[in-house]
Amino acid sequence: MANVSGIIKSIQDIMRKDAGVDGDAQRIGQLVWMFFLKILDDQEQSLITLAAVQGEDYNSPIPDHLRWCNWAANPEGKTGEKLLEFINNDLFPTLKNLRSEGVEKGRATVIRNVFEDAFNYMKSGTLIRQAINKLNEISFNHSEDRHSFGDVYEQILRGLQGAGNAGEFYTPRAVTQFMVEMVDPKLNETVLDPACGTGGFLTHAIDHKEGHYLEKPSDIDVLQQSVFGIEKKALPHLLATTNMMLHGIEVPTNIRHQNTLNKPLRDYKKKDQVDIILSNPPFGGMEEDGIEKNFGTFQTRETADLFLVLIMRLLKDAGRAAVVLPDGTLFGEGIKTRIKEKLLTECNLHTIVRLPNGVFNPYTGIKTNLLFFTKGEPTKDVWYYEHPYPEGYKSYSKTKPMRIEEFGPEKAWWHNREENEQAWKVSFEEIKAGGFNLDIDNPHNADEGPGDPVELLATFQANKAKMQDTQNSLKSMLAAAIGASDQGK
């Protein structure tokens with residue numbers, strides 16, 4: 001078994017030497033198109049072997065000279081300027097426009113969609129050859145290497161948190177796993193993430209179905225056709241497609257590269273509806289001009305609000321959803337109020353898990369909530385569960401992320417609900433009377449008030465003294481600077 005983690009680190013170190021790769025996001029993009037072609041080639045080698053056993057031929061949609069095995073596998077193959085010219089002028093242009101017919105049409109579509117907005121950022125063909133040779137030490141047909149790479153890939157996705165805006169595409173693994181477990185997607189239930197990012201919710205749904213409901217070989221085909229994702233940005237779409245292949249989805253044509261919000265709400269019909277939606281839609285951002293007009297009476301530029309309306313539309317009757325939403329959705333007024341009224345009257349919003357600060361650090365410190373609801377029946381009561389920090393924690397960080405074990409109390413409480421220090425219930429009537437404000441504090445928390453007056457006064461006086469000292473220091477520095485200037489005249 002290869003040292004997968006060490007190999008990936010070596011490749012990243014090689015890329016850091018290249019003048020064309022600028023920052024984490026570009027390095028990840030460069031890594032992943034290489035991963036994709038290597039994974040695809042290993043997959044095709046298995047298909048060739050299987051076809052031969054069955055007395056058949058396997059035809060790749062990729063022209064022979066562009067298949068990984070024919071230009072990348074040989075460590076003494078193309079390098080330097082020849083390799084760079086081959087990648088930029090032959091490989092990329094061909095794959096961006098790849099077409100095929102028959103059984104390989106789907107695979108060709110996946111490849112074309114992946115490379116549509118992919119780039120080769122590296123400028124040194126010699127360094128590209130070094131990176132490729134390291135990657136060839138991994139075999140994605142060996143279960144041990146594939147499993148190890150899955151863990152490394154998860155680390156790469158976490159690395160997106162430090163890659164500027166790319167961090168918005170990553171949801172902590174513990175959160176996605178908990179949401180999937182509570183929704184419990186069955187084998188034949190269709191699962192959609194309309195803003196799938198890197199595919200975290202979908203891969204956990206695949207793992208859940210495999211672990212709980214896969215019983216016979218034919219179930220694999222059902223599973224393969226039951227998971228759907230849509231992502232509008234190129235890098236996370238590439239990551240999601242590769243992620244699906246790592247999780248056994250051989251031809252992930254159901255991962256589409258488009259903006260779900262571009263389509264008018266009225267144009268989504270029953271055929272577009274699914275059994276389950278799991279999502280962490282982008283929040284805090286604004287959509288492009290005109291998108292809001294697709295949403296009729298619910299026009300807003302806030303992305304999270306538009307996705308919540310869309311999710312309600314895309315669920316079948318009795319369909320289930322688990323969605324990550326910011327605090328702003330819970331307490332917001334205006335359009336937000338009307339969206340929440342629609343949610344509570346058309347769906348059973350049975351649970352809101354309130355997460356503490358820092359779950360999405362370092363990308364954002366915004367407090368978030370997990371909303372669980374079922375379409376087709378009105379809400380009677382909303383159960384709240386306030387998720388506490390683990391003992392000894394004051395926040396989460398990159399080195400101290402949220403762990404799935406922390407959700408143990410929620411899981412134990414889920415099917416046997418009683419009020420306790422972390423859980424409380426609020427009726428629909430109370431919420432309606434409050435103007436559909438869902439930002440309801442835990443009534444079991446003691447109201448500590450502003451604090452002890454004597455301590456507050458002492459703190460105020462200390463801060464005032466520090467401020468006076470700072471002002472005096474600034475005055476002294478300014479006087480000295482003026483004096484030095486006068487002497488120099």
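Two strands are taken to pair if DSSP finds at least two bridges between them, and helices (H or I, at least four residues) and strands (E, at least two) are DSSP runs numbered from the N terminus. The model is predicted, so that local features need pLDDT of at least 70 and side-chain atom pairs count only at pLDDT 80 or more, while totals for chains, interfaces and linings use all residues. Residues are numbered from 1 along each chain as its sequence is written, and side-chain values use heavy atoms, with hydrogens and water left out.

**View A. Pairing of strand 1 with strand 4.** Strand 1 (residues 191-193) and strand 4 (residues 274-279) run in the parallel sense and are joined over two bridges. Leu192 has Ile277 of strand 4 as its bridge partner.

View B. Nine strands form an open sheet in the order 3-2-1-4-5-7-6-8-9, with mixed pairing. Strand 3 (255-257) and strand 9 (423-427) are the edge strands, each pairing on one side only.

**View C. Helix 4 against helix 6.** The axes of helix 4 (residues 80-96) and helix 6 (residues 125-135) come within 7 Å and cross at roughly 80°, where axes are lines fitted to C-alpha atoms, for helices over the stretch in contact, and angles run from 0 to 180 degrees between N-to-C directions. The two helices are therefore roughly perpendicular to each other (65 to 115 degrees). Gly80, Leu83, Leu84 and Ile87 of helix 4 make the contact (heavy atoms within 4.5 Å) with Gly125, Thr126, Ile128, Arg129 and Ile132 of helix 6.

Technical notes. Parallel < 35°, antiparallel > 145°, perpendicular 65-115°, else oblique.
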